[in-house]
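Subject: Handover of a structure and notes on what was found

Dear colleague,

Please find below the structure that I am handing over to you. My notes follow it.

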Amino acid sequence: MLFKSTYNEFIKIAAKPRSYLGVAAITLIVGLILIAMKLDGRMYISLITGPFEQSLAFEGNVLNGNLIAFIILQMLIIHVPLLIAFVTGDLISGEAAMGTIRMLLTKPISRTKILFSKYIAGCAYTFLILLWLAFMAIVVGKWLFGTGDLMVLKSDGLIVLQQHDIAWRFFYGLLIAFLAMVMIATLSLTLSCFSENSIGPIVSTMGIIILFTIIGTIEVPLFDTIRPYLFTTHMAAWRYLFDEPLQLGDVFFSISILVAHILVLLGIAIYKFNKKDILS
Amino acid sequence: MFQLNKTTQASSLKLTLLLLLLNSFLHSQISTPNKILFNVYSQLQKAKDYSVDVNIKVDLPFIRMLPINAKIFVKQPNKFKVESKSIAIVPRQGFDQLNKVLNDTSQFTAIAQSTETINNVISNLINVIPLQDTSDLVLAKLWVDTKQNVILKSLLTTKTNGTILTEYTYGKYFNYGLPDLMKFTVDIKKFKIPKSIAADINKNIAKTDDKEKKKGVIIIKLSNYIINKGITDSFFKDRK
């Protein structure tokens, strides 16, 4: 029953035009970035290598597909949460707004399972969005720019990762990025349980992300204690996999914080959805 | 009739001898450094073009990377190309700078400074000072092994690329002036980038002393030289 319900929920997501906004936005934005980098990528490279260029020359294919993919993923992981919240924030509140939730809850399936079926369908959508992003960034990027070593720019210097040592980093990095986006999907779904319209959860999700990002960025001693436990601090945890040597402790800590947030938010969503009075 | 007495004659003779000695000393001072550099340059000119397999190990502050293998192509007087599947970091004043310095003796003054022992080899330290203000080179210090006509160490200061110290170790290709090992020591400025483009924006980095200039080392091992096989100019054309 759960599988059938999940399948139905996925069909509902696929049938909504807003679901394709995310795909279109990613295609357009990544396409523009690829064109811009093709035309003027050398200037970006000089930002990276500038401090060294007086005495050193960087030879080889510096502007390659791996670097382009890394840049695109860095840029878009910030914007993808909005595209995901557009869909997952609408899962409960959208049905309430349309008045179909009453009909939905008359089915011989528990409210918890209905919620889980929506949640799994939302996660599947998140996965597809991220997969599309990875395809555009990595596959199309390598097709246009070729392959080569990856230069990762960090606050304290430059790391050069050899090309044979990059594929697994992208793979596991995208898995962690998927976990971060699932956390966003969970947040917007939870907020959707509290709302009767779609705009509220979507705007609230983005508002929370922006607020927590500001708290995480401002270097104020007051926030130092809570900063490690904000989910926004760990949304970019996938970048830890592009460090040398690898900081596995940081990776596992970020994964645990994200999983903890997911479990807590799911718990709140289950509680609220089960107790919700259907008035529409 | 005026006659010089014996004392005056002896004094004149001594003075003349002294002037002759001084003249020959000065003359030898002027010609020897140039001659040394000419011999070195002539030896370098034996290899009109060459390719060599290199292993580049980088030990620079602010850069972390594994050693890489590459192939370097050089053609006299100033063509240079690196072929590598990996990203290779090489000094800007690398393989063709010495040729540029030595190819025209009328463009500089060479002054012998002293002798030094480097790795149990006695070398002549020669300072090369360009004659023109517009020259990119500010000063070159060359430690030359005059027996083998090779440069053991060089310290080049240019306006565009700063100062670089290069130490050379030779093997079987010494008669072409081609080393088996080159060790470059370069100055690196403080690393500073906008935080927004760094990959670790959440990381708090301890502030370092802004005035501190750091040194880095690049070690290049050279092997499998292929010399004077004829590399066309067009081969170097796609170098940026």
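In what order do the elements of chain B run from the N terminus on? Their order is α-β-β-β-β-β-α-β-β-β-β-β-β-β. Please bear in mind throughout that this is a predicted model.

Chain B

The secondary structure of chain B consists of two helices and 12 strands. Of the 240 residues in this chain, 42% are buried. Among the contacts in chain B with a separation of 6 or more, 53% are between residues 24 or more positions apart.

The nonpolar core

The largest nonpolar core has 147 residues, and Leu133(A) and Ile63(B) touch the most other members. Helix H7 of chain A, residues 111–145, gives the most to this core, namely 15 residues. Leaving out residues up to four places away in sequence, Ile63(B) touches Phe52(A), Leu56(A), Phe58(A) and Leu158(A), together with Val58(B) and Ile89(B). As general background, nonpolar side chains in soluble globular proteins tend to be buried together.

In general, a pair of packed helices is described by the angle between the axes and the distance between them.

By class, the contact of H7(A) with H8(A) comprises 16 nonpolar, two polar and no charged residues.

The second pair is H3(A) and H7(A), which pack at an angle of about 150° with their axes 8 Å apart. Angles over 145 degrees count as roughly antiparallel, and H3(A) and H7(A) are therefore roughly antiparallel to each other. H3(A) passes H7(A) in a right-handed crossing. Gly65(A), Asn66(A), Ile68(A), Ala69(A), Ile72(A), Leu73(A) and Leu76(A) in H3(A) are set against Leu133(A), Ala137(A), Ile138(A), Gly141(A), Lys142(A) and Phe145(A) in H7(A). This contact of H3(A) with H7(A) has nine nonpolar residues, three polar and one charged.

Phe145(A) lies in helix H7 of chain A. Why is Phe145(A) classed as buried? Its relative accessible area is 9%, and buried means under 20%. Phe145(A) and Leu34(A) are 111 residues apart in sequence, yet their C-alpha atoms are 9.2 Å apart in space. Apart from neighbours within four places in sequence, Phe145(A) is in contact with Leu34(A), Met37(A), Lys38(A), Asn61(A), Leu63(A), Asn64(A), Gly65(A) and Ile68(A).

One of these contacts, Asn64(A), sits in the loop between strand S1 (56–59) and helix H3 (65–76) of chain A. Asn64(A) is buried too, with a relative accessible area of 0%. Beyond residues up to four places away in sequence, Asn64(A) touches Phe145(A), Gly146(A), Thr147(A), Gly148(A) and Asp149(A).

Yours sincerely

Terms used
Residues are numbered from 1 along each chain as its sequence is written. Chains are lettered from A and ligands numbered from 1 in the order in which they are written. This is a predicted model: local features need pLDDT of at least 70, side-chain atom pairs count only at pLDDT 80 or more; totals for chains, interfaces and linings use all residues. Side-chain values use heavy atoms; hydrogens and water are left out. A nonpolar core is a set of buried Ala, Val, Leu, Ile, Met, Phe, Trp, Tyr and Cys residues joined through side-chain atoms within 4.5 Å. Buried means under 20% relative accessible area, exposed over 50%, partly exposed in between (1.4 Å probe, protein chains only). Helices (H or I, at least four residues) and strands (E, at least two) are DSSP runs, numbered from the N terminus. Contact means heavy atoms within 4.5 Å. Ala, Val, Leu, Ile, Met, Phe, Trp, Tyr, Cys and Pro count as nonpolar, Asp, Glu, Lys and Arg as charged, and the others, Gly among them, as polar. Axes are lines fitted to C-alpha atoms, for helices over the stretch in contact, and angles run from 0 to 180 degrees between N-to-C directions. Angles under 35 degrees count as roughly parallel, over 145 as roughly antiparallel, 65 to 115 as roughly perpendicular and the rest as oblique. A crossing is left-handed if the near helix is turned anticlockwise from the far one by less than a right angle, and right-handed if clockwise.
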